[in-house]
Protein chains: 2
Amino acid sequence: MGKKCGQQSINFSQPPVITSGANIVGPEEGEGPLASGFDWILDDPLFGEKSWEMAECKMLEESAKLALQKIALQTQDVDFFLAGDLLNQIISSNYAARGLEIPFFGLYGACSTFVEALLLGSILIDGGFAQRVLLSSSSHHLSAERQFRHPVEQGVQRLATAQWTTTASGALVLEMQGEGPRVNRGTVGKVVDMGVSDVHNMGAAMAPAAADTILTHFQDTETNSDSYDLIVTGDLGSVGQAALVDLLKQRGLDLEEKLQDCGLLIYDTGKQDMHAGGSGCGCAAAVFTGLLLQKLREKQYQNLLLVATGALMSPIISQQGESIPAIAHAVAVTG
Amino acid sequence: MGKKCGQQSINFSQPPVITSGANIVGPEEGEGPLASGFDWILDDPLFGEKSWEMAECKMLEESAKLALQKIALQTQDVDFFLAGDLLNQIISSNYAARGLEIPFFGLYGACSTFVEALLLGSILIDGGFAQRVLLSSSSHHLSAERQFRHPVEQGVQRLATAQWTTTASGALVLEMQGEGPRVNRGTVGKVVDMGVSDVHNMGAAMAPAAADTILTHFQDTETNSDSYDLIVTGDLGSVGQAALVDLLKQRGLDLEEKLQDCGLLIYDTGKQDMHAGGSGCGCAAAVFTGLLLQKLREKQYQNLLLVATGALMSPIISQQGESIPAIAHAVAVTG
């Protein structure tokens with residue numbers, strides 16, 4: 001039985017196993033340096049559907065099915081499905097859950113959702129409530145931009161600090177038994193708000209939450225940066241990552257060499273003009289189920305800390321002048 | 001340690017205890033028949049804030065604080081906070097979590113969210129991951145109408161089948177030990193969609209999900225209608241409740257005498273013109289933390305099944321012609 005440790009963390013006593021992972025990405029993500037780790041690269045972001053929203057629903061559902069297919073499982077072999085996405089009322093997840101017909105928990109943690117699902121999925125398994133769970137999250141550049149900022153047809157110039165919402169979905173199967181990387185520990189984030197109100201600079205809003213969760217994780221679990229081969233955030237982008245490095249330095253911790261960010265890994269920032277880098281629920285999901293899972297399986301990484309950050313931004317409340325709260329959840333995965 | 005039973009249900013081996021509950025409601029709810037069970041009845045739905053959205057954030061946060069205050073607890077005594085609401089990006093919950101500073105899981109299940117939180121909270125406790133969790137959900141008539149249907153200033157005539165989104169929030173404290181009603185069992189819903197696309201008739205969209213979850217609960221947990229003093233849905237309203245009774249009769253089950261609905265209990269349907277009855281995340285939350293919790297404590301109810309139903313409706317996807325999926329989660333509470 002798992003145990004809470006420290007203020008915000010959990011030690012899993014029988015660490016759940018990641019037995020399968022799958023992802024689907026859009027054309028831009030397929031042109032990036034991680035292409036070989038993606039299962040399905042779309043030529044067309046509409047994915048054969050009538051709208052970007054329906055395309056995103058299909059991406060989330062198909063990546064979940066693919067994760068099951070890879071290990072020859074059917075939907076009825078799964079105890080629970082956990083999912084979330086960026087769209088209002090998490091429609092991608094709800095419509096995917098309609099197709100999958102698996103008992104369902106809907107989550108919302110903005111871009112932290114993938115790790116929120118990993119935490120709750122691990123809790124269900126380590127607590128003895130499930131043998132096997134399926135989890136998934138997604139984002140879509142074209143559905144997200146028109147919901148959160150400007151429809152792309154308007155051609156509004158993007159600011160240099162803005163991140164590019166990734167068109168991507170990723171899914172995992174977590175099991176009580178099996179072969180694969182294991183989820184050993186996790187830290188549940190608190191909502192942190194340092195007063196950033198610029199909706200074109202999510203990185204700055206999220207960096208304090210990432211710093212808070214990383215420091216708390218080290219303290220709660222009696223680990224430190226030497227405990228991990230890699231600490232990977234998802235998704236701070238270049239502005240947020242620089243802010244995180246600074247915030248940690250102020251606390252006496254130099255993690256510059258050990259930190260990477262899913263939003264910076266997914267695009268070739270030299271050739272692809274993605275401004276501050278990628279973002280979106282699907283970014284960390286696709287990078288983790290692609291490159292990172294592969295390296296964990298090959299034991300290139302023995303210990304990895306995945307810290308997913310969410311800017312809990314909402315247009316209506318931003319327009320009312322409120323600042324943007326953020327949250328970061330972390331899981332420690334062993335190869 | 002808890003155990004999954006049947007396809008979708010969980011038996012808690014050390015049933016978590018509901019040690020405190022609190023709620024805040026709007027003026028209309030305060031004029032209804034359950035007024036004596038509400039802790040705080042607002043004269044003004046703005047609650048001293050500049051917007052309805054900020055009023056709803058405050059309601060969710062204040063009801064959570066009140067649930068702690070009633071048993072002399074501080075926020076730092078709580079392991080985890082679980083919350084969700086109807087607003088895009090669950091802003092009421094996120095901004096409340098910012099104020100509470102408790103490690104936070106954000107949820108979205110439309111009007112089923114309160115029971116989704118009760119299920120996950122009970123899992124955290126029965127699995128040994130937490131000693132104490134706080135959970136809350138809310139809805140606000142004026143913020144919900146302008147988001148989902150028509151801003152009330154437009155004065156659009158409401159259809160007879162339409163439900164009235166309740167202005168209410170409710171919060172509970174769940175603990176591993178203590179005195180109070182206990183959460184014994186639960187059933188996690190599947191998403192069900194029978195093709196209803198009328199956004200003014202949520203009851204019809206949700207009734208099939210409620211029927212599915214009730215029947216599955218009986219089968220999974222080897223219970224039947226005799227196992228419960230009351231089966232209370234939240235919130236089908238009059239149209240949805242009639243549809244549920246019919247659907248169950250088609251399956252050979254007559255529950256008409258045993259069924260009540262939070263959306264019908266909260267208003268005086270004879271005097272108050274709420275059309276098909278109340279709805280919204282806050283409705284089941286306020287009715288449960290008010291009337292029902294009181295009757296459970298007084299042992300007037302020994303066994304109660306709370307079935308919260310969510311219409312997973314989203315304007316953008318409804319406008320694209322999609323039908324409305326629905327979900328229902330259930331918990332069995334012993335007085």
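Predicted model: local features only at pLDDT ≥ 70, side-chain atom pairs only at ≥ 80, totals over all residues.
User: Where is A:E53 found in chain A?
Analyst: A:E53 sits in helix 2, residues 52-69.

User: Buried or exposed?
Analyst: A:E53 counts as buried because its relative accessibility is 1%, and the cut-off for buried is under 20%.

User: What does its side chain make a polar contact with?
Analyst: The partner is the side chain of B:Q320, at 2.9 Å.

User: And which residues is A:E53 in contact with, leaving aside neighbours within four places in sequence?
Analyst: From chain A, they are A:L87, A:I91, A:S143 and A:R146. From chain B, they are B:I316, B:I317 and B:Q320.

User: Switching to the interface. How much do chain A and chain B bury between them?
Analyst: About 5,100 Å², with 64% of that on carbon and sulfur atoms. Chain A puts 61 residues into the contact, and chain B puts in 61 residues.

User: How many salt bridges across the interface?
Analyst: The rule finds 6 salt bridges between chain A and chain B. One of the salt bridges joins the side chains of A:D193 and B:R98, 2.5 Å from N to O.

User: How many residue pairs are in polar contact there?
Analyst: 24 residue pairs across the interface, both residues at pLDDT 80 or more.

User: Which elements of chain A supply at least two residues of the side that touches chain B?
Analyst: Among them are strand 1 (3-5), helix 2, helix 4 (113-126) and strand 15 (326-334). Helix 4 of chain A gives the largest share, 6 residues.

User: What does that side have by class?
Analyst: The side of chain A that touches chain B has 32 nonpolar, 16 polar and 13 charged residues.

Technical notes:
Residues numbered from 1 in each chain as written. Chains lettered and ligands numbered in written order. Heavy atoms only, no water. Helix = DSSP H or I, 4+ residues; strand = E, 2+ residues; numbered from the N terminus. Buried < 20%, exposed > 50% of the residue type's maximum accessible area, 1.4 Å probe, protein only. Polar contact = N/O pair within 3.5 Å; in protein donor to acceptor, adjacent residues only side chain to side chain. Contact = heavy atoms within 4.5 Å. Buried area = accessible area lost by both parts, 1.4 Å probe. Salt bridge = Lys/Arg side-chain N within 4 Å of Asp/Glu carboxyl O. Nonpolar A, V, L, I, M, F, W, Y, C, P; charged D, E, K, R; others polar.
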